[in-house]
Amino acid sequence: MGTPHVLLLAGIGGHAPDEALDSLSTLTDTVSVVYITAWRPSGPVRADWEQRGLRGEFLDVPDLDAAVLAAADLHGRLPLDGVVTYSELLLRPQAEIASRLGLPGNPPEAVAVAQSKARQRLAFAEDGVPSPEFEIITSERDLAAAAARVGLPGVFKPSLGAGSQSVRLVSTYAELIHAFTAARAEKTAFLQADEAYLLEQRMALETDGDSGYAAYCSVESLLADGTAHHLAVADRLPLEHGYAEEGVLLPSRLDEATQAAAVDVADRAIRAIGLVSGAVHTEIALTADGPRVIEVNARAGGPLPTMFEVAAGYDYAAEIGRAALGLQPGALPRFTRVALLRFLPIPVGNWRVAAQTPVEEVLRAFPELVYVSPRFTPGQRVSRQRTLHLVSFMVNAPDRDAARAVTRQVERALDIRLVPGFDATTGADRD
């Protein structure tokens, strides 16, 4: 291929741009960036790109449609060989660019289905992929029929969303009405809209018996030219704060038969949606009746590229770049360590951070830490309106028991203390 020209779409979410550039630079020295500035300025990312001395161009654009146009113009000046993103919010322009320019990638229609939980459920029902019972809600008129059909308690969620935002267990009809009203009023980071919501059959995901884990997992896959390479299964920590994720552990502790069944269901779900290229993150419920698909995401699960690097020395981000160039994987992961990502959820309510240990102090105390990423600093107001978590951190350990033990120690060392902090409606401090 010579020196391929790869375009990175960045702006928000997913694998950090500097780490993405680290990985893509192992494939080629020609990496352009189209940066969508709708969320934040591009300054730090542009400076990092310029410092690397990469060939290509760095382009700022205001929105998703402008990103597609900018990529087409760039292709006319310096032909592109692939386009890649690591962000859920940028999947649509990635697919549109690939389709418009004839590059490897997922069809825009498949991405549209992947980004719509409602359309996913319809596709699964048509193809017989195991998933929960559901009803699609588009207006208040649909609520009563949905509750009657699915039953309560049930799980309410937006059709378009990420990070479990606005996902709620609703036990009564009044709670369903409140969840629907609140979700419609909530602002999201997405620059696209989906007016549909779902009420789904409740699956008991919180704990998997006395295993110490939640009753769901995820299958991490890499698609290259239509071939699915299922790389690993990742476990989840028990859910103790609603549907706010608590933690991810790689590789899985599940037995081979359970993992194989989860992979099989994930493979069927991916084919039902029509995805053919790039990373896929499929969440699977582990039920008494066998695995059922919770959702499919046409990108790497948030922290998974870093977790693969920690646990297997595997550059998942670079392999995603290879897929965007139409290449088969250069390698598959072999796990020698354990990576555990811990999220500390925000309790329901409105708070202020009274105190927390400085990150530098915690990092010095625990050499097993890969990173610590606090969402807030002392004095700041805290609620679930923008994020569900106070902090996340990742541990590198020789085995699962060691990873769990260090994680508990780090939680105590962070010593995050909350006090009732403000009125959610007015933002005013309480007396």
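D22, D48 and R52 are linked in a network of salt bridges, a salt bridge being a side-chain nitrogen of Lys or Arg within 4 Å of a carboxyl oxygen of Asp or Glu. The model is predicted, with local features requiring pLDDT of at least 70 and side-chain atom pairs counted only at pLDDT 80 or more, whereas totals for chains, interfaces and linings use all residues. Residues are numbered from 1 along each chain as its sequence is written, and side-chain values use heavy atoms, with hydrogens and water left out.

In total, 25 salt bridges are present in the structure. One of them joins E200 to R121, with 2.9 Å between the closest N and O atoms. Because E200 belongs to strand β8 (residues 197-201) and R121 to helix α6 (residues 117-127), this pair ties together parts 79 residues apart in sequence; helices (H or I, at least four residues) and strands (E, at least two) are DSSP runs, numbered from the N terminus. E200 is buried at 3% relative accessibility, and R121 is buried at 1% (buried, under 20% relative accessible area; exposed, over 50%; partly exposed, in between; 1.4 Å probe, protein chains only).

A salt bridge also connects the side chains of D235 and R253, at 3.4 Å from N to O. D235 lies in strand β10 (residues 227-236) and R253 in the loop between β11 (247-250) and α9 (256-273), so parts 18 residues apart in sequence are tied together. D235 is buried, with a relative accessible area of 0%, while R253 is partly exposed at 22%.

Within helix α11 (residues 316-324), E319 and R322 are three residues apart, about one turn of the helix. Their salt bridge has its closest N and O atoms 3.7 Å apart. E319 is buried at 10% relative accessible area, and R322 is partly exposed at 22%.
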